[in-house]
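Dear colleague,

I am passing this structure on to you, and my notes on what was found in it follow below. Please have it open while you read them.

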Amino acid sequence: MSQAKVDKYKENKKNRSKILKQKKIKKYAAILVTAFCLGAIIGIPVGKGIYKYTKNRIEENKTVADMDYNSWFNNYWNEKLPSTASETSAEMATEDANTASTSDATATDAQ
């Protein structure tokens, strides 16, 4: 029995560097996995909270909605520049009257 213990000790002594490397790798792997899990457990809720906070702040600080801006712009345009608006609408009406389609041309040719 004593000889078996001696052989075991010699075997352990011979492979001691490999065993220490394996223990070191397992230790660092366990630390890495633990850190990753803790980071996920803490980071995900904190990240969601920050995202919601910033989204709410953006919504609160939003000054003019698109529809509000469009109605404001149309009112401003009509109040401040009525002559320009009426001129452009008159020009558009004359352009529509001047452009003739092919069916209009065939109807006049038939007459």
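Accessible areas come from the Shrake-Rupley method with a 1.4 Å probe, and for residues only the protein chains shown count as cover. By that method the protein chain exposes about 10,700 Å², of which carbon and sulfur atoms supply 61%.

Residues are numbered from 1 along each chain as its sequence is written, and side-chain values use heavy atoms, with hydrogens and water left out.

Confidence is highest in α2, at a mean of 92, and lowest in helix α5 (residues 102-110), at 53. Where pLDDT is low, the predicted coordinates should not be read in detail.

The protein chain has five helices and zero strands, these being DSSP runs numbered from the N terminus (helices H or I, at least four residues; strands E, at least two). Of the 13 residues of α1, the number buried is zero, so α1 lies largely in the open. Further along, α2 bends by about 30° at Gly43, and Pro45 follows within four residues; the bend is the angle between axes fitted to the seven residues ending there and the seven starting there.

Finally, Trp77 is placed in helix α3 (residues 66-80) and, at 34% relative accessibility, counts as partly exposed.

With best regards

Technical notes. This is a predicted model: local features need pLDDT of at least 70, side-chain atom pairs count only at pLDDT 80 or more; totals for chains, interfaces and linings use all residues. Buried means under 20% relative accessible area, exposed over 50%, partly exposed in between (1.4 Å probe, protein chains only). pLDDT is the predictor's confidence in each residue, from 0 to 100.
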